[in-house]
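Visitor: I have a structure open and have not looked at it before. Can you take me through it?

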Amino acid sequence: MGSLGSPWKTITVAGRSIEVFQPVPHPAAALLWLHDLDEASFRGRDRMEAALAAEELVVVCPSGSRGWWLDRATAGFDPPLTPLRYLLDAVLPLVHREWGLTPPRIGVTGLGMGGQGAVNLAFRQPRQFPVVAGVLPDIDFHQWFGQGLPLDRMFSSREAARQETATLHLHPLNWPRHLLLACDPTDVRFEGTERLASKLSSSGIPFEADFETRGDGTAWGYCERVISQVARFLGEHLRGGLPVA
């Protein structure tokens, strides 16, 4: 559990630890925070904690190892459990048990690997996750195949990895109703994010984007520069009590 007066606590679910940020006794909604390759939550980052606390959200930060939040066997998960199934089969029930919150009052966001994971999850499960924000989302993660990352064990080829990207799981008739993409235009991840935005636009799917804010060359530095905007977007739509489409 968290220390006296701390909004943080740790819960173990399905044998895995989850960090939970709960700044208010009765949160208006819940948010899943999906981590980047560093596997770190935003714990101790004052600017991020303040922005999310202002929205009265409980933020659940599960651990997905370095599995890109996909429905693929990966190190750290005992088959048949995968990072994506862990979110759907263990983390969502936890949110309901602990705080009585269910979709559409559960949003999803993340940074880098987690940013693409959030978008990918919402594209695959838009009825459960109608509110999503991807921060520096590594949409074209297949480009990292062959670089010694767990992707090399999860997929047989770069093309096989590409088939699992969010861009290829966007359904023109079934999509998250509120989507925000935030990406530094000078970041290596921008090309894939911009390509996804182009596909959204050509499909007539509404979304919001910040492709102007620039960071300091680090993922966390950029995240802290856009977190107020991201938190307001998530809080506004999650508190709206959106009907399931």
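Visitor: What is the mean pLDDT of the protein?

Guide: The mean pLDDT is 94, and 96% of the residues reach 70 or more. pLDDT is the predictor's confidence in each residue, from 0 to 100.

Visitor: Where is the pLDDT below 50?

Guide: Over residues 241-245. That stretch has 12 contacts in the model beyond near neighbours in sequence. Where pLDDT is low, the predicted coordinates should not be read in detail.

Visitor: OK, the sheet. How many strands form it, and in what order?

Guide: 8 strands form an open sheet with mixed pairing, in the order β1-β2-β4-β3-β5-β6-β7-β8. Two strands pair if DSSP finds at least two bridges between them.

Visitor: Which strands stand at the edges?

Guide: β1 (8-13) and β8 (208-210). Each has a single partner strand, so one side of each is left without a neighbour in the sheet.

Visitor: How is β1 joined to β2?

Guide: By 6 bridges, with the strands running antiparallel. Val-13 stands opposite Arg-16 in β2. Their hairpin has 2 residues between the strands, and Ala-14 takes a positive phi near 55° there.

Visitor: What does the charged end of Arg-16 sit over?

Guide: The ring of Phe-77, 3.8 Å from its centre. The charged end of Arg-16 also sits over the ring of Tyr-86, 5.7 Å from its centre. A charge sits over a ring if NZ of Lys or CZ of Arg is within 6 Å of the ring centre and within 35 degrees of the ring normal.

Visitor: Back to the sheet. Why is β6 largely enclosed?

Guide: Because 5 of the 5 residues of β6 are buried. Val-131, Ala-133 and Val-135 are on one side, and Val-132 and Gly-134 on the other.

Visitor: What does β6 pair with?

Guide: 4 bridges join β5 to β6, running parallel, and Leu-111 stands opposite Val-135. Strand β6 (residues 131-135) is also joined to β7 (residues 178-182) by 5 bridges, again parallel. There Val-135 stands opposite Ala-182.

Visitor: Which strands does helix α3 touch?

Guide: Helix α3 (residues 113-124) packs on the sheet, touching β3 (29-34), β5 (106-111), β6 and β7. The direction of α3 makes about 145° with that of β5. Axes are lines fitted to C-alpha atoms, for helices over the stretch in contact, and angles run from 0 to 180 degrees between N-to-C directions.

Visitor: New topic. How many aromatic pairs are there?

Guide: A search of the whole structure finds 8. Rings of Phe, Tyr and Trp (its six-membered ring) pair if their centres lie within 6.5 Å; planes under 30 degrees apart count as stacked, over 60 as edge-to-face and the rest as tilted. Trp-33 and Phe-42 form an edge-to-face pair, 5.6 Å centre to centre with 75° between the planes. Trp-33 is buried at 3%, and Phe-42 is buried at 0%.

Visitor: Which residues do ring pairs link into a cluster?

Guide: Trp-8, Phe-21, Trp-33, Phe-42 and Trp-220.

Visitor: Last one: what does Gly-235 touch?

Guide: Gly-235 lies in helix α7 and touches Glu-55 and Leu-57, not counting residues up to four places away in sequence. Gly-235 is buried, with a relative accessible area of 0%.

Terms used: Residues numbered from 1 in each chain as written. Predicted model: local features only at pLDDT ≥ 70, side-chain atom pairs only at ≥ 80, totals over all residues. Heavy atoms only, no water. Contact = heavy atoms within 4.5 Å. Buried < 20%, exposed > 50% of the residue type's maximum accessible area, 1.4 Å probe, protein only.
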